[in-house]
2 protein chains.
Amino acid sequence: MVASGREVRLVRHADGALEPDHFAIVEAPIRDPADGEVLVRNRWTSVDPGLRLRMRETGPAGYFEGFALDAPLDGILTVGEVLESRADGFRPGDTVWHAAGWREYATVRAGVPALNGLGTLAVLDTAVAPPPAYLGALGGMGLTAYAGLVHAAELTEGDVVWVSAAAGAVGSLAVQLARALGCRVVASVGSAEKVEHVLRDLRADAAFSHRDRPLAESLRAAAPDGIDVYFDNVGGEHLEAALNALRPGGRVALCGAIADYDRARPASGPSNLFQATANGLTLRGFRGSAYVDELPAVQRRIANWIDEGSVRPFETVRDGLESAPEALIDLLAGRTVGKTLVRIDATESGA
Amino acid sequence: MVASGREVRLVRHADGALEPDHFAIVEAPIRDPADGEVLVRNRWTSVDPGLRLRMRETGPAGYFEGFALDAPLDGILTVGEVLESRADGFRPGDTVWHAAGWREYATVRAGVPALNGLGTLAVLDTAVAPPPAYLGALGGMGLTAYAGLVHAAELTEGDVVWVSAAAGAVGSLAVQLARALGCRVVASVGSAEKVEHVLRDLRADAAFSHRDRPLAESLRAAAPDGIDVYFDNVGGEHLEAALNALRPGGRVALCGAIADYDRARPASGPSNLFQATANGLTLRGFRGSAYVDELPAVQRRIANWIDEGSVRPFETVRDGLESAPEALIDLLAGRTVGKTLVRIDATESGA
């Protein structure tokens, strides 16, 4: 039904800074669906910081598998529309998500778990939210922000919560969910514009740019009595500052370390981990996908907050599949806000 | 009743390596007990790695207060014998513990909490164990090893547990308690002699010296399928190796970082904290004294294991109050085994 489509491929590993020439856009044949498969025309595809880790020669042990070179990038969330179905439960016209993103068309087998279950082919309810929301607030981003706050950080009403990279996909949801859960939220970002955004649009209680002055000073000004929870999207010096500011019994949700992803070597870790011993602090690493069983409940809860107006999803949308690599580079450099997405307008040439 | 006694004082702060001349032994007058106080002749006093942190110009925030210069060192556990009592519940001849150690005599007020309650004046039951045991297995060391395993690391039967500094006061108990709780224990130490000790006397399942070859190699040989729990007494590279070896859902009990205590600056932290995110690891800092309410129950449990022969306390005993500074220096250099204690034979001159 579709002869060929474009896809993004990684053509060499990136162990230093990611560049456009690490990628190629390739026109590849599209396989007709066999029994149990569907053919999907992808409409939106996700651009996530964590993808960067999978473009290294050797990624972190235990994380999602690295991308193969010169092959479709498997394991990236995407929303699209079923063109042809030979699988039960899927009909042409259905809006679905799956994990074969960064390409125009995908032939996907139903029932095959992907991304710890988060990317398994499934029909989306577009009455609840528009399709791209499932790549953000109602998808892995919402689940990650929620699980980080509620499970990893064991959030309690009244906690003072610091969220770093607070204008990012997960950060902007973490700020808003923490507020919705009754906490005071300090948000840190990388520019004056973003400070304005997180105060005005995300309604953070306090905000600062980490580029303005030493983190410890900014944090002291924003939370003079210390913090109870740190939602870490950055690692490095941010984590070090948090360890000094956390009150006894404080918790850190280790969500990611975007400061390190685009470097050949990670920055050294915090030199003050003894603060955890001194003050009984807990640091818990987590991935949203570990909580995939809770996704339906979390989606309902976040959808309610969106309806009430207490959570507003924000997106940076880039147009055209070919913009995906640049979108990731921009994201890593802090040039995007909210969930970064690519809107794919498939060329009709191959159809 | 006692005119004067000797005490150890800190005469200058130690921000690099600790030396004997950071201390002075001073003969000081002993105050007669007032109402609510007892006079104690100290018999055994504790030598702990954590004391080192309190000898810095600026110690870790939230930890026990630093020692004042040219004054008695307040807040060091000691066992002694009541000479004179003007406090209810204490009689001459009682064996007690309190927190005014590193001196021959102490006038102590009853009911005043010290060391988070762990050092509050209390009568000890010498029928259960000999007095010095209360500075080790039946005191803060036992409580720290137990709380670290059971609470901080949420130990489960069958876990593979790595204990570093395993020949030390807390480490040697952690090894034995983890075994008593049904775990497989890998012990690391700093010499071939200690390897022999932890295998033979503490019955660790596997052991290595961190000086022999890279930690990652030793750990892989001792626990080829990875570890579930790391009981961290060292910090630095040890913690980094643990993060790489921990299986999904693994836990770290952050007990201390002896590698750093005697340095002007702490070593940089682990550069691989992302492993916590990738594998859902939890790092929890803790201090035994935070669990002081559980001490009676933990003492009973450990006393039972000692009776059964499944836990054997080991001690390094130095004689004479004047040996306390050297004992601490030796402990920090890894030249002691088990709980380091000083046996005080008070000079009778002042009595």
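Which residue stands opposite A:Val163 in S11(A)? The legends below take this up with other close-ups of a predicted model.

Local features need pLDDT of at least 70 and side-chain atom pairs count only at pLDDT 80 or more, while totals for chains, interfaces and linings use all residues. Residues are numbered from 1 along each chain as written, chains are lettered from A and ligands numbered from 1 in the order written, and side-chain values use heavy atoms, without hydrogens and water.

**View 1. Twelve strands form an open, mixed sheet.** Helices (H or I, at least four residues) and strands (E, at least two) are DSSP runs, numbered from the N terminus. Two strands pair if DSSP finds at least two bridges between them. The order is S10(A)-S9(A)-S8(A)-S11(A)-S12(A)-S13(A)-S13(B)-S12(B)-S11(B)-S8(B)-S9(B)-S10(B). Strand S10 (206-209) of chain A and strand S10 (206-209) of chain B are the edges; each has a single partner strand, so one side of each lacks a neighbour in the sheet. From one strand to the next, the twist averages 15°. Angles run from 0 to 180 degrees between N-to-C directions, and axes are lines fitted to C-alpha atoms, for helices over the stretch in contact.

**View 2. S8(A) and S11(A) run parallel.** Three bridges join S8 (residues 160-163) to S11 (residues 227-232). A:Phe231 is the residue opposite A:Val163. H1(A) packs on the sheet and touches S8, S11, strand S12 (246-254) and strand S13 (282-285) of chain A. Touching, or contact, means heavy atoms within 4.5 Å. The direction of H1(A) makes about 145° with that of S11(A). Helix H3 (residues 192-200) of chain A also packs on the sheet, against strand S9 (184-189) and S10 of chain A. The direction of H3(A) makes about 165° with that of S10(A).

**View 3. A:Asp232 lies in strand S11 of chain A.** A:Asp232 is buried, at 2% relative accessibility. Buried means under 20% relative accessible area, exposed over 50%, partly exposed in between (1.4 Å probe, protein chains only). A polar atom of its side chain lies 3.0 Å from the backbone nitrogen of A:Val234. The C-alpha atoms of A:Asp232 and A:Gly256 are separated by 6.4 Å, though the residues are 24 apart along the chain. Residues touched by A:Asp232 include A:Ser164, A:Leu239 and A:Cys255.

**View 4. H1(A) crosses H8(A).** The axes of H1 (residues 140-152) and H8 (residues 295-308) come within 10 Å and cross at roughly 95°. The two helices are therefore roughly perpendicular (65 to 115 degrees; under 35 is roughly parallel, over 145 roughly antiparallel, the rest oblique). H1(A) contributes A:Gly142, A:Leu143 and A:Tyr146 to the contact; H8(A) contributes A:Leu295, A:Val298, A:Arg301 and A:Ile302.

**View 5. B:Lys339 sits in strand S15 (residues 339-343) of chain B.** B:Lys339 is buried, with a relative accessible area of 3%. Its side chain makes a polar contact with that of B:Ser46, at 2.6 Å. A polar contact is a pair of N or O atoms within 3.5 Å; within protein, one must be able to donate a hydrogen and the other to accept it, and residues adjacent in sequence count only if both atoms are side-chain atoms. Four of the five residues of S15(B) are buried. S15(B) pairs with S3 (residues 37-47) of chain B in the antiparallel sense over four bridges. With S14 (residues 315-319) of chain B, S15(B) pairs in the parallel sense over five bridges.

Notes: Lists of a residue's contacts leave out its neighbours within four places in sequence.
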